[in-house]
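Take a look at the model below. We will start with its helices and then move to its ligand.

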Amino acid sequence: MTINRILSRCMVAAATLLPATALAQNVESNLQSEFAKKAIDSGAQREYVPTKENLEARKEFEKKRFGIFIHWGFYSMPGQGEWVLTRSNVPFDEYVELASGFYPSKFDAKEWIDLFKEAGAKYMVFTTRHHDGFSMFDSKYTDYDIVDATPFKRDVLKELADECHKQDFGLNLYYSHVDWYRDDYPTGWSAGEYPNLKKHDDVPYEPYFNFMNNQLTELLTNYGKIGGIWFDGVFDHRRDSMDWHFPEQFDLVHKLQPECLIANNHHRQIQYGEDFQIFERDLPGENKSGFGTAGGVSELPLETCQQIVNGSWGYHVNKMNCKSPAELIGTLVATAGKGANLLLNIGPRPNGSIPGPAAESLRGLGKWLDKYGETIYETDKGDVSGSWGSSTRKGDRLFVHITRRPGDELYLPLYCKVKSAKLFIDGTPVKFDQWKHGVQLQLPEATEGEPVMVLELLTAAK
Ligand code: GLC
């Protein structure tokens, strides 16, 4: 870790604990003072007090446990994922031209929502504007949007929002802080990394900040109730090299819709204005993706996003190997076992349809949830997990999801008394021995075709 980074981390900790005067006395070098000023400017010291509506919305959000993430834009046309502009080094002007050929003839909002509901999902997160800066909604602050720049001319967000509201399905919106298109975006890491991007790192931030806030105002005014905003992109300005003025922006979101929940995909400690914590391709507390959970797992509602195929968020023709329903069920139970929502991503085709294998896997997951949803929705994190699987809790009911059968017996180190145990699906009693620090269960025969054995234990208070 570099000395600057150590200093930054110390100052973040200090900024949240000390009043401004005490902070000032503690800074020694210019570098430190500069950072402290930024921390103060950006409101790191302000206390965020969520409204009553917001706290209620958090509880509702946690109950949902399963949502669908959609990465979709005209970037789906070359079928190489949502970073195709940069990763494939497409000439910038050619990339922009693609927009005028984007005509998702098979897009049908109802079909999408019907499928997501069949999969057992309770909400979706739609990419309204990804890093390429293209708005997938009708914005009066840019012509680089689906209504003005494509022959399709339909506001797909409006169609989705209307359908979500009609079907009482949650709608959250992804919004990128990075913009590879606009000249007023103060470019960062990606412009240095990818030769086809224009560089303008010295432009003032204010015009771009205003643009984003204007668009957020449109999103939170023209599309009815929005469950949450999923911000993404701080990676472009490494660590603390830029003050994004998030507190002001997040205050605006909360002012427009107090119950709208905010999350920021920064892989760091929770900051001012954030209402839930997100984990990218990792269970809370784990670090298999390499993004880690710096700052640990907070007390806020948690959500972890995963891909239905391995290796891409946006539609990618070379990455169509879809996870099977059994794999998805395994991911869902592990995520719920950590007390987190699973946000499962799919990348629709350029024509607006959802790739068949993804739709099939979603339906398979939905069939399982039809039977076992009670052990997932509205549950809390379970008491135990292990190489055998994980658990969720609802009051005095502990649901044990066994994804890898350890043999004919399973020992659970439980600190509460078990009153009874049965197979969740048909109530078949399960024999067990209560020991001082746990319970030894005699597992029933596995049922063919059931990827997970689910036991229900009735316990004394946790
Ligand atoms: C990363 C990627 C982005 C994707 C997001 C989803 O931030 O840059 O393409 O939308 O992860 O978690």
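Helices here are DSSP runs of H or I, at least four residues long, numbered from the N terminus. A helix axis is a line fitted to C-alpha atoms over the stretch in contact, and angles run from 0 to 180 degrees between N-to-C directions. This is a predicted model, where local features need pLDDT of at least 70, side-chain atom pairs count only at pLDDT 80 or more, and totals for chains, interfaces and linings use all residues. Residues are numbered from 1 along each chain as its sequence is written, and side-chain values use heavy atoms, with hydrogens and water left out.

Find helix α7 (residues 109-118) and helix α8 (residues 156-166). Their axes come within 9 Å and cross at roughly 45°.

Now take helix α10 (residues 206-219) and helix α11 (residues 246-256). Here the axes come within 10 Å and cross at roughly 15°. So α10 is roughly parallel to α11.

Next, the ligand. Around it are 13 residues, and H71, E82, H130, D232 and E280 come nearest. A residue counts as near if one of its heavy atoms lies within 4 Å. Look for polar contacts, meaning pairs of N or O atoms within 3.5 Å. A polar side-chain atom of H130 is 2.8 Å from a ligand oxygen. For D232 the distance from such an atom to an oxygen of the ligand is 2.9 Å. In H131, a side-chain N or O atom lies 3.0 Å from a ligand oxygen.

Conventions:
Polar contact = N/O pair within 3.5 Å; in protein donor to acceptor, adjacent residues only side chain to side chain. Helix = DSSP H or I, 4+ residues; strand = E, 2+ residues; numbered from the N terminus. Parallel < 35°, antiparallel > 145°, perpendicular 65-115°, else oblique.
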